[in-house]
Amino acid sequence: MVEDSRVVTGFSSADRSLSGRASGSLIEAEVTGVDVRGAEATDGARPLLVCFSHLRWGFVWQRPQHLISRAARYFDVIFVEEPAAEVAETDHLRLEPVAPGVTVAVPVLAQAQSYAANRAQARLIRALLRGRPSAARVFWYYTPAAVSLSGDLPRDLTVYDNMDELSAFRGASPDLIAQEADLIGQADLVFTGGRSLYEAKRGTHANIHCFPSSVDAEHFRAARLSDRSDPPDQAVIPRPRLGFFGVIDERLDRDLLAAVAELRPDWHFVMIGPVVKIDPASLPQRPNIHWLGPKTYAELPDYLRHWDLGLMPFALNEATRFISPTKTPEFLAAGLRVISTPIVDVLRDYGEAGLVAVAETPEAVVLSAEALLFQPKDAWLEAVDQRLATHSWDRTWAAMQALMSEAQRRSGALAAPLLHPATTAV
């Protein structure tokens, strides 16, 4: 699915996040034997969803957060992240409530070696789950690497939301391909984050479904409002502005960006997002390229409101072969015309419909931008809103949940139905 991902090099690997979660109410769950402090038991009325993620909850708000926050209306959710960077005297889980119904669990380990770390994480998670009785238990995976520490843990339903081809990312573990095959073999349901990824994986599972990137249109439509103030760090940048937001890594075509900026020194390029997996010194430095760093999801509409065009200068490489960028519908919902390099899912889902301009060379990007800057937007906006009306995260979650309920009905594994919303949250 989503293009904004960090690479996973093994679920027991050290923390690679460059954007920490804001501190909150932390509950330490120490495991010495079977003692888990801070893991409150539920009354069993709500099913439990355990999500294993290579992305941290507080990194970049994207597919996992959109879907899991909606899942929390129906489930008690434990969002299991990769181990923290620090080394502890004893193995323990750091538990933090981050949203209604969602608790993040971060393993903090005494040993970082892969085998010992996986065994320690498995013990921690097993002990945590013993303290969380529920009517039903669903395991939801974003990373196949987690199967090495959770594959033998009891659950009633297994879902693999294959949002990206992680094995193609820089620094990926060579074990990921075998781990994914193992996970797909265990899964009751497989979802993919885009059409290209679905076409590559559809022969691997009998119950696989394509769910491309959706959008919280209401959130980004705020960028169409004229009363949004220009943020101070952007207000000093001249116009016209062409902007990008998202993770800045090996999937960004830095040479293309530099060439376009050189062709049009009077245009200004606003780049928002954390830099990961690449040397920040490799980013092109020019007077008209502005690296503003990461911004919160809530802040994005204020920045986008004061851009003239969106820009998605993705490199064409193995890491981008299967991506379905979440930012494509987000740009559109914000009312911004956008130019993208020819990413297959962007071209097929939006380019062929005339909603996104597609250009591969610096000269083609400039020509497209010059045309878009002076084109009227009314008819385009009407077509955008018609398309996005059927691409909400609410609709995506509802469709996924219906498939989970059908898988439950077929197997008879779950005692409680998955389609009834809960009346209380953790």
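# Close-up views of a predicted model

**View 1. Strand E5 (residues 92-99) and strand E6 pair in the antiparallel sense, and seven bridges hold the pairing.** In this predicted model, one of the places to look along the pair is Arg 94, whose bridge partner in E6 is Val 106. The two strands E5 and E6 form a hairpin with two residues between them, and Gly 101 in the turn has a positive phi of about 85°.

**View 2. Strand E6 (residues 102-108) also pairs with strand E4 (residues 76-80), and E6 is mostly covered.** The pairing of E4 with E6 is in the parallel sense and runs over four bridges, with Ile 78 having Thr 103 as its bridge partner in E6. Seven of the seven residues of E6 are buried, and both of its faces are covered, with Val 102, Val 104, Val 106 and Val 108 on one side and Thr 103, Ala 105 and Pro 107 on the other.

**View 3. Ala 117 lies in helix H2, which spans residues 114-130.** Is Ala 117 buried or exposed? Its relative accessible area is 1%, and because buried means under 20%, Ala 117 counts as buried. Between Ala 117 and Pro 107 there are 9.3 Å in space, C-alpha to C-alpha, and the two are 10 residues apart in sequence.

**View 4. Helix H1 (residues 63-71) and helix H14 (residues 393-411) cross at roughly 65°, and their axes come within 10 Å.** The crossing in which H1 passes H14 is right-handed. On the H1 side the contact is made by Arg 63, His 66, Leu 67, Arg 70 and Ala 71, while H14 contributes Trp 393, Asp 394, Thr 396, Trp 397 and Met 400. Sorted by type, the residues of this contact of H1 with H14 are five nonpolar, two polar and three charged. Eight of the nine residues of H1 are buried, so this helix is largely enclosed by the rest of the structure; the buried residues are Arg 63, Pro 64, Gln 65, His 66, Leu 67, Ile 68, Arg 70 and Ala 71.

**View 5. Six strands form an open sheet with parallel pairing, in the order E13-E12-E11-E14-E15-E16.** Why does one side of strand E13 (289-293) and of strand E16 (357-358) lack a neighbour in the sheet? Both strands stand at the edges and each has a single partner strand, so one side of each is left without a neighbour there. For E13, four bridges join it to strand E12 (residues 268-272), and the two run parallel; within this pair, Val 270 stands opposite His 290 in E13.

**View 6. The largest nonpolar core has 56 residues, and Phe 220, Phe 269, Leu 304, Trp 307, Leu 332 and Ile 339 are the ones that touch the most other members.** Leaving aside residues up to four places away in sequence, Ile 339 touches Leu 309, Gly 310, Leu 311, Met 312, Ala 357, Ala 359, Val 365, Ser 368, Ala 369 and Leu 372. A second, separate core has 36 residues, including Met 163, Val 276, Trp 397 and Met 404.

**View 7. The whole protein has 14 helices and 16 strands.** Of its 426 residues, 57% are buried. Among the contacts in the protein with a separation of 6 or more, 74% are accounted for by residues 24 or more positions apart.

Note on methods. Residues numbered from 1 in each chain as written. Predicted model: local features only at pLDDT ≥ 70, side-chain atom pairs only at ≥ 80, totals over all residues. Heavy atoms only, no water. Buried < 20%, exposed > 50% of the residue type's maximum accessible area, 1.4 Å probe, protein only. Pairing = 2+ DSSP bridges. Core = buried A, V, L, I, M, F, W, Y, C linked by side-chain atoms within 4.5 Å. Contact = heavy atoms within 4.5 Å. Axes fitted to C-alpha atoms, helices over the stretch in contact; angles between N-to-C directions. Left-handed = near helix turned anticlockwise from the far one by under 90°. Nonpolar A, V, L, I, M, F, W, Y, C, P; charged D, E, K, R; others polar.
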